Amino acid sequence: MSWLPVAGVVALGVVGLLLGSFLNVVIWRVPRGESIVVPPSACPRCGHRIRARDNVPVLSWLLLRARCRDCGAPISGRYPLVELATGLLYVLVLLRLGWSAELPAYLYLASIGVALALIDLDTHRLPDPIVLSAYPVLAVLLTVASWADGDWSALLRALIGGAALWVLYFVLLAVKGGMGFGDVKLAGVLGAGLGWLGWGPLVIGAFAAFLLGGLFGLALIVARRAGGKTKVPFGPWMVLGAAVGVAAGEPLWGAYLDLITVSAGS
């Protein structure tokens with residue numbers, strides 16, 4: 001790999017770090033109904049505005065030794081972790097899709113996925129301002145990608161995938177409960193993103209969410225940290241399942257079809 005592609009990967013990773021810093025603001029403010037633009041970020045304890053030099057992703061946290069420069073209040077380690085996770089996800093998405101027309105759509109999905117997963121963990125809510133706005137944004141980005149690639153069938157799959165997952169989650173909510181309508185709305189967004197890539201990513205991504213969420217719930221019960229009626233936010237598992245679908249949906253689906261073919265022929 002030449003230095004130019006490497007520089008591009010590093011540059012996108014840095015962009016991810018910077019946007020991860022912004023996502024920390026989104027994660028804190030959106031559930032509280034606050035503006036993500038004003039006022040500027042400040043220490044929640046002493047109210048001092050965060051200086052530009054103290055707002056460098058990860059590095060500032062390390063240099064400040066995880067404490068506010070003005071009052072010494074501890075700064076949660078989650079802030080740099082969100083920044084690092086977003087930067088890493090941007091790099092992984094790039095390595096998966098390359099410099100393609102669809103790359104912006106999946107970088108966007110990675111960004112809102114990080115934000116929604118953590119907000120759901122904190123509040124057991126998936127805020128409409130993020131989820132509902134994702135529908136038009138993703139529609140535009142995927143339409144542009146289909147136009148650039150000349151592949152309108154991918155856009156049709158996205159529509160079918162979004163509708164299918166929305167209906168599946170709505171039926172599960174109506175019949176079994178155990179999840180919120182926010183999960184249903186998020187399912188439509190993730191289904192569209194997975195469907196655009198193919199039927200394999202859609203099926204694997206949907207299945208992985210229930211598998212991983214179920215295993216986590218079972219682990220909590222075995223560890224006696226939860227009971228059968230304990231509510232566990234499902235948004236993070238939907239996002240993680242979708243990530244599995246994007247990363248490995250096609251090969252996993254192909255392996256499953258090969259297994260079925262071999263079994264049917266034996």
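Predicted model: local features only at pLDDT ≥ 70, side-chain atom pairs only at ≥ 80, totals over all residues.
Local features require pLDDT of at least 70 and side-chain atom pairs count only at pLDDT 80 or more, whereas totals for chains, interfaces and linings use all residues. Residues are numbered from 1 along each chain as its sequence is written, and side-chain values use heavy atoms, with hydrogens and water left out.

With a disulfide defined as a pair of cysteine sulfur atoms within 2.5 Å, the count is 0. The sulfur of Cys 43 has its closest cysteine sulfur in Cys 46, at 3.7 Å, which is too far for a bond. Cys 71 is likewise in no disulfide, its nearest cysteine sulfur being that of Cys 46, 3.7 Å away. Relative accessible area was classed as buried under 20%, exposed over 50% and partly exposed in between (1.4 Å probe, protein chains only). Cys 43 is buried at 10%, and Cys 71 is partly exposed at 29%.

A cavity was taken as a set of points, on a 1 Å grid over the protein atoms alone, where a 1.4 Å probe fits but cannot get out; lining residues have an atom within 4 Å of a point. Grid points are joined across faces, edges and corners, and a volume is the space filled by probe spheres set on the points. The structure holds 1 cavity of 30 Å³ or more, and the largest cavity contains about 50 Å³ of space. Its lining consists of Leu 165, Tyr 169, Leu 190, Leu 194, Gly 205, Ala 206, Ala 209, Met 238 and Ala 242. Two or more lining residues come from each of helices H6 (152–175), H7 (181–197), H8 (199–222) and H9 (235–265); helices are DSSP runs (H or I, at least four residues) numbered from the N terminus. H8 gives the most, with 3 residues.

H8 has 24 residues and spans 35 Å from its first C-alpha to its last, close to the 34 Å expected at 1.5 Å a residue, the expected span being 1.5 Å times one less than the number of residues. Buried residues of H8 include Gly 205, Ala 206 and Ala 209. Just after H8, Arg 224 takes a positive phi of about 60°.

Rings of Phe, Tyr and Trp (its six-membered ring) pair if their centres lie within 6.5 Å, with planes under 30 degrees apart counted as stacked, over 60 as edge-to-face and the rest as tilted. The structure holds 8 aromatic pairs. Trp 253 and Tyr 256 are stacked, at 5.5 Å centre to centre and 25° between the planes. These two residues lie 3 residues apart in H9, about one helical turn. Trp 253 is partly exposed at 22%, as is Tyr 256 at 44%. Ring pairs also link Trp 166, Phe 170 and Phe 181 into a cluster.

Key
1 Å grid on protein atoms, 1.4 Å probe; cavity = no way out; pocket = protein on both sides within 12 Å on 5 of 7 lines; lining within 4 Å.
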